[in-house]
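Colleague: I am new to this structure. Please take a close look at its salt bridges, and walk me through them.

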Amino acid sequence: MKRGPIPDDDDDDTVARKGKVVTTTEGWPELLRCTTTKPPPILLDELIAEILLRIPARSLVRLRNSVCSSWRTLISSSQFAKDHLRRSMAMDPALTHPRIAYNSTWHSYPTIGVFSVRSVFENRPHEPTKVVGYEGRRYLRMIGTCNGLLCLHDKQREDGLLSPRAMLWNPCTGFTSQPLEIGGIFSVCGFGYDHVNDKYKLFVIVEKKSGESFTRIFTFGPKSTWRTIQDFPYRLHDPNNKTILLAPVGLFVSGTGTLNWLLCSSRTSFVAVLSLDLVKETYSQISLPSRDSDDALRVFPHLSILRGCLAVCYETKKTHWTLWMMKEYGVPQSWTKLAIIPHHPLLLDPPRNFSLVPVYMLKNDVLLVISPSCKFVLCNLNDGSIDFPNIDSSGDGMTQLRPLSRGVGGRTYHIYYESLVSPSHFGLPTCSSEMRLFKPSL
């Protein structure tokens with residue numbers, strides 16, 4: 001039987017190499033649809049499920065409408081989506097196909113750009129990583145990502161006023177939830193998963209025109225309601241408070257049920273992580289690695305997620321950056337120095353007082369960062385070499401922004417992992433028409 005490759009937008013499937021045994025999904029749809037002159041063997045349901053769990057989410061989505069009804073029902077079920085996600089993240093991360101999604105912060109484009117992380121690492125300079133654009137009905141901003149779901153924020157005009165809303169979108173399956181009315185403007189926010197109660201939650205500080213603010217958590221489900229919790233202990237901009245948040249969006253750490261913000265003081269050397277436990281809906285602080293006393297906060301540190309762990313990057317002595325990772329969440333003693341990255345001239349051209357932003361790290365110690373010069377850079381932590389990936393962003397619809405290969409400014413970025421999780425799995429009405437592929441005008 002002739003087996004052709006599965007059509008895809010960026011050759012994400014792993015291929016076999018001579019002398020190595022690797023997993024490949026090439027030909028899965030044809031294999032699962034094939035018929036022979038002899039009756040096919042009868043497979044136990046448990047064996048069928050085990051086979052399907054080993055196929056990447058994107059391939060399962062493509063073949064979902066081409067298989068028998070029992071398989072389609074299995075692939076579409078909530079439990080299968082959870083099992084597939086759990087297996088993918090724990091045993092075979094390649095099945096999740098990590099991607100970077102971004103939106104414009106300088107202009108009100110209704111589009112979101114998406115591209116493959118693996119292509120950035122593996123493509124040769126003459127093979128650009130293609131950005132795929134998705135278009136909504138109005139300007140979109142990303143709040144956060146979790147288990148393959150992106151939480152999006154837009155504004156619907158009602159009675160002459162802008163009414164902020166939020167919705168969930170899975171780019172892999174195409175499904176979105178019906179928009180949720182937030183009831184006021186907000187900046188400090190976060191999206192994550194309460195693994196104890198199996199609930200997805202949205203955290204916001206809603207600001208009213210009267211000047212009042214409310215700290216709320218929204219639990220997505222068939223009976224979705226807001227819950228007001230203890231006031232957030234810090235503000236993004238507060239001249240009377242020595243300690244402020246460095247970024248408004250909390251970072252979700254998978255498996256911990258927490259959102260995390262970086263606290264910093266411009267008057268002292270104090271830095272810490274503020275953590276919100278989405279299970280208990282309470283706050284706590286986590287200390288960061290100690291810094292040299294003579295290292296002034298000329299450039300504020302940056303908080304990231306690397307290999308599923310909290311990571312923080314400091315500038316040290318104006319000569320290099322020090323990258324730390326917390327290997328056991330909530331345990332300050334587990335902060336481990338991961339790398340020292342010298343101030344390479346190409347990382348600082350032109351010179352700016354911006355931080356080095358870690359984005360993603362492979363097992364072979366190649367780190368994707370956003371440099372202070374606002375470019376994507378691949379840093380090899382073993383030999384110190386750097387490389388600038390070729391990313392073709394012509395398909396994102398953000399025509400007034402510089403191409404990604406020349407600069408990353410004017411955008412916010414989130415990493416997500418492809419999954420089969422759908423808003424309908426936790427009782428939300430869904431549709432597949434809210435977000436669609438963007439088609440650039442000729």
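Modeller: First, a term: buried means under 20% relative accessible area, exposed means over 50%, and partly exposed lies in between (1.4 Å probe, protein chains only). This is a predicted model, where local features need pLDDT of at least 70, side-chain atom pairs count only at pLDDT 80 or more, and totals for chains, interfaces and linings use all residues. Residues are numbered from 1 along each chain as its sequence is written, and side-chain values use heavy atoms, with hydrogens and water left out.

Start with K201. K201 is buried, with a relative accessible area of 5%. Its side chain meets that of E281 in a salt bridge (3.3 Å, N to O). The term needs a side-chain nitrogen of Lys or Arg within 4 Å of a carboxyl oxygen of Asp or Glu. This pair links distant parts of the chain, 80 residues apart: K201 sits in strand β11 (residues 199-207), E281 in the loop between β17 (271-277) and β18 (282-287). Strands are DSSP runs (E, at least two residues), numbered from the N terminus. E281 is buried too, at 11%. A network of salt bridges links D194, K201, R227 and E281.

Now the wider picture. The whole structure holds 13 salt bridges. One of them joins K130 and D392 (2.9 Å, N to O). K130 lies in strand β3 (residues 129-130) and D392 in strand β27 (residues 391-392), so this pair ties together parts 262 residues apart in sequence. K130 is partly exposed, at 46% relative accessibility.

Conventions:
Helices (H or I, at least four residues) and strands (E, at least two) are DSSP runs, numbered from the N terminus.
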